[in-house]
Amino acid sequence: MLNDAQLLSYIFDKHVKKMHGPTRIKQEMRQKGFPAALIEQEIDKSEVDWYQLTKETRTKKFGEALPADPKEKNKQIRHLQYKGFTMDMIFEALG
């Protein structure tokens with residue numbers, strides 16, 4: 001039987017593979033009833049480069065070229081927010 005930490009670790013890895021950001025992962029784990037301290041611990045101990053993951057997520061969905069017009073830029077920002085990345089990470093990926 002899995003304990004909470006192992007289950008949390010499994011769920012965390014699953015979300016990272018789906019290219020979800022830390023905000024989304026925290027939210028999903030809280031909804032599943034995990035304690036906030038355990039969630040923070042899992043995110044802190046992970047070696048995920050969130051800025052790199054944000055860039056990879058943007059590139060996978062929208063391609064290499066950075067958005068030229070504001071409408072397209074806003075669309076990409078909304079997508080990355082939905083995936084759970086912070087604005088800081090998003091602007092870095094779009095910069």
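This is a predicted model: local features need pLDDT of at least 70, side-chain atom pairs count only at pLDDT 80 or more; totals for chains, interfaces and linings use all residues.
Residues are numbered from 1 along each chain as its sequence is written, and side-chain values use heavy atoms, with hydrogens and water left out.

Now for the overall picture. The protein has six helices and zero strands, where helices (H or I, at least four residues) and strands (E, at least two) are DSSP runs numbered from the N terminus. Reading along the sequence gives the pattern α-α-α-α-α-α. The C-alpha trace spans about 50 × 20 × 20 Å along its principal axes. Of the 95 residues, 37% count as buried; that label means under 20% relative accessible area, with exposed meaning over 50% and partly exposed lying in between (1.4 Å probe, protein chains only). Contacts are also worth a look, a contact being heavy atoms within 4.5 Å. Among contacts with a separation of 6 or more, 62% come from residues 24 or more positions apart.

Charges come next. There are 17 positive and 14 negative side chains, and the centres of the two sets are 8 Å apart. For this tally Lys and Arg are positive, Asp and Glu are negative, and His and the chain ends are not counted. Each charge is placed at NZ of Lys, CZ of Arg, CG of Asp or CD of Glu.

What about the rings? Rings of Phe, Tyr and Trp (its six-membered ring) pair if their centres lie within 6.5 Å; planes under 30 degrees apart are stacked, over 60 edge-to-face, and the rest tilted. By this rule there is one aromatic pair. Its partners are Phe 12 and Trp 50, arranged edge-to-face with 6.2 Å centre to centre and 90° between the planes. Phe 12 sits in helix H1 (residues 4-17) and Trp 50 in helix H4 (residues 50-62), so the pair ties together parts that are 38 residues apart in sequence. Phe 12 is buried because its relative accessibility is 2%, and Trp 50 is buried too, at 11%.

Setting aside residues up to four places away in sequence, Thr 57 touches Met 19, His 79, Leu 80, Lys 83 and Phe 85. Met 19, one of those partners, lies in the loop between H1 and helix H2 (22-31). Its phi is near 60°, a positive value in a residue other than glycine. Met 19 is buried as well, at 14%. His 79, another partner of Thr 57, belongs to helix H5 (residues 70-83). Its relative accessibility is 18%, so His 79 counts as buried. Beyond its neighbours within four places in sequence, His 79 is in contact with Thr 57, Lys 61 and Phe 62.

Arg 58 is in helix H4 too. Why does Arg 58 count as buried? Because its relative accessible area is 2%. Not counting residues up to four places away, Arg 58 touches a list of residues including Pro 67, Gln 76, Leu 80 and Leu 94. Its C-alpha atom and that of Met 87, 29 residues apart along the chain, are separated by 13 Å.

Leu 94 turns up again with Lys 73, which is in contact with Pro 67 and Leu 94 once neighbours within four places are left aside. Lys 73 is found in helix H5 and is partly exposed, at 34%. Finally, Asp 88 lies in helix H6 (residues 87-94) and counts as exposed, at 51% relative accessibility. The C-alpha atoms of Asp 88 and Tyr 51, 37 residues apart along the chain, are separated by 8.7 Å.
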